[in-house]
Amino acid sequence: MWIVYQHTGHGGISGGLYPSMLHGLFYRDGALGNFALAQRALAADAAGQLQNSADVAVFYLRQLTQHPLDLLAFVGAKTARAWYASIAETNDIVTLIVQAPYLLLGIHGARICLRRHRAHALFLIGGILYFWLTAVSVLAVVRYMMPAVVMLLMFAAVGAEDLWKRVSRALTVR
C-alpha cells in the first residue's frame, strides 16, 4: 500500500470491489452463468438495480429471502470453485486434482490442531474463512484464495506429519 501511495497518492488496496462483486454474480460465459441467480442478477443489472457494492449485497439478501435454494446452490458452487477455478476456466480439473490433497491434509491437520491448540487453530481457521468469504464475495477463483491456501497449508503440514507417523508405524510393525 505504501508503494502504491508513493506512486499514485491513493492509499487504497483495490478500487475494483464493486466490479469484482458484479462479475462474481454474472459469470458471463462462465461455469456459473447458467444458474438462475446469475440470470436474475443480469436482469437486475440491466434494470439499473446494481449500481454499487451495497446494491449487490441487498440483491444477495433479497435472494436469500425469495430464492434460498438458488442462493445456496450458487454460493455453494462459488465456494467450491474458489478452491480450484481459474478465470479462464482452463485446467480447472488439473488444479482441482493438485489442490485436493492439500485440502484433505489441511482438514485432517485442523482437526488435530483443534484438539491440541484450540485457540491457535480457531484463529487460523478464522483467517481461512475470512479469505474464503472474500473470494466467494467476488469472482471466486483460486488466485483470490491464495492467503487462505497458505494458512491451510500450515494445517496440511500437521496432517502430513501425522499421516507420515501413522504409515511409518504401520510399516515398522510388520
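My notebook entries follow, grouped by topic.

**Ground rules**

I am working from a predicted model, where local features need pLDDT of at least 70, side-chain atom pairs count only at pLDDT 80 or more, and totals for chains, interfaces and linings use all residues. Residues are numbered from 1 along each chain as its sequence is written, and side-chain values use heavy atoms, with hydrogens and water left out.

**Entry 1: helix α4**

I started with α4, which covers residues 53–66. Helices here are DSSP runs (H or I, at least four residues), numbered from the N terminus. α4 has 14 residues and reaches 20 Å from its first C-alpha to its last, close to the 20 Å expected at 1.5 Å a residue. The expected span is 1.5 Å times one less than the number of residues.

Which residues of α4 are buried? I noted Val56, Phe59, Tyr60 and Gln63. Buried means under 20% relative accessible area, exposed over 50%, and partly exposed in between (1.4 Å probe, protein chains only). Looking down the axis of α4, I found its buried residues within an arc of 95 degrees, so they line one face of the helix. That arc is taken from the directions from the helix axis to the C-beta atoms.

On the face turned away from the buried side of α4, I noted the exposed residues Leu61 and Thr65. The buried residues of α4 pack against α2 (17–26), α3 (36–46) and α5 (68–84). At the start of α4, a side-chain oxygen of Asn52 comes to within 3.1 Å of the backbone nitrogen of Ala54.

**Entry 2: α2 and Met21**

Next I turned to α2, where Met21, Leu22, Gly24, Leu25 and Phe26 are buried. Their cover includes α3, α4, α5 and α7.

I picked out Met21, which lies in helix α2. Is Met21 buried or exposed? Its relative accessibility is 10%, so Met21 counts as buried. Leaving aside neighbours within four places in sequence, Met21 is in contact (heavy atoms within 4.5 Å) with Ser53, Val56, Ser137 and Val138. I also checked Met21 against Ile87: they are 66 residues apart along the chain, and their C-alpha atoms are separated by 14 Å.

Just after α2, I saw that Tyr27 takes a positive phi of about 50 degrees.

**Entry 3: the second largest pocket**

I then looked at the second largest pocket, whose volume is about 220 Å³. Its lining is made of Met21, Ala57, Tyr60, Leu61, Val75, Thr79, Trp132, Leu133, Val136 and Ser137. Two or more residues of that lining come from each of α4, α5 and α7 (118–137). Which element gives the most? I found that α7 does, with four residues.

For the record, a pocket is found on a 1 Å grid over the protein atoms alone, as an open set of points where a 1.4 Å probe fits, with protein on both sides within 12 Å along at least five of seven lines; lining residues have an atom within 4 Å of a point. Grid points are joined across faces, edges and corners, and the volume is the space filled by probe spheres set on the points.

**Entry 4: α5 and Arg81**

I moved on to α5, which has 17 residues and reaches 25 Å from first C-alpha to last, close to the 24 Å expected. Its buried residues are Leu71, Phe74, Ala77, Lys78, Arg81, Ala82, Trp83 and Tyr84. They pack against α2, α3, α4, α6 (92–116), α7 and α8 (146–173).

With a relative accessible area of 5%, Arg81 is buried. Not counting residues up to four places away in sequence, Arg81 touches several residues, including Tyr27, Glu89, Asp92 and Val141.

Which side chain makes a polar contact with the side chain of Arg81? I found Glu89, at 3.4 Å. A polar contact is a pair of N or O atoms within 3.5 Å; within protein, one must be able to donate a hydrogen and the other to accept it, and residues adjacent in sequence count only if both atoms are side-chain atoms.

**Entry 5: the loop between α5 and α6**

Glu89 sits in the loop between α5 and α6 and is partly exposed at 28% relative accessibility. Although not a glycine, Glu89 has a positive phi of about 60 degrees. I found Asn91 in the loop between α5 and α6 too, exposed with a relative accessible area of 56%. Asn91 is not a glycine either, yet has a positive phi of about 60 degrees.
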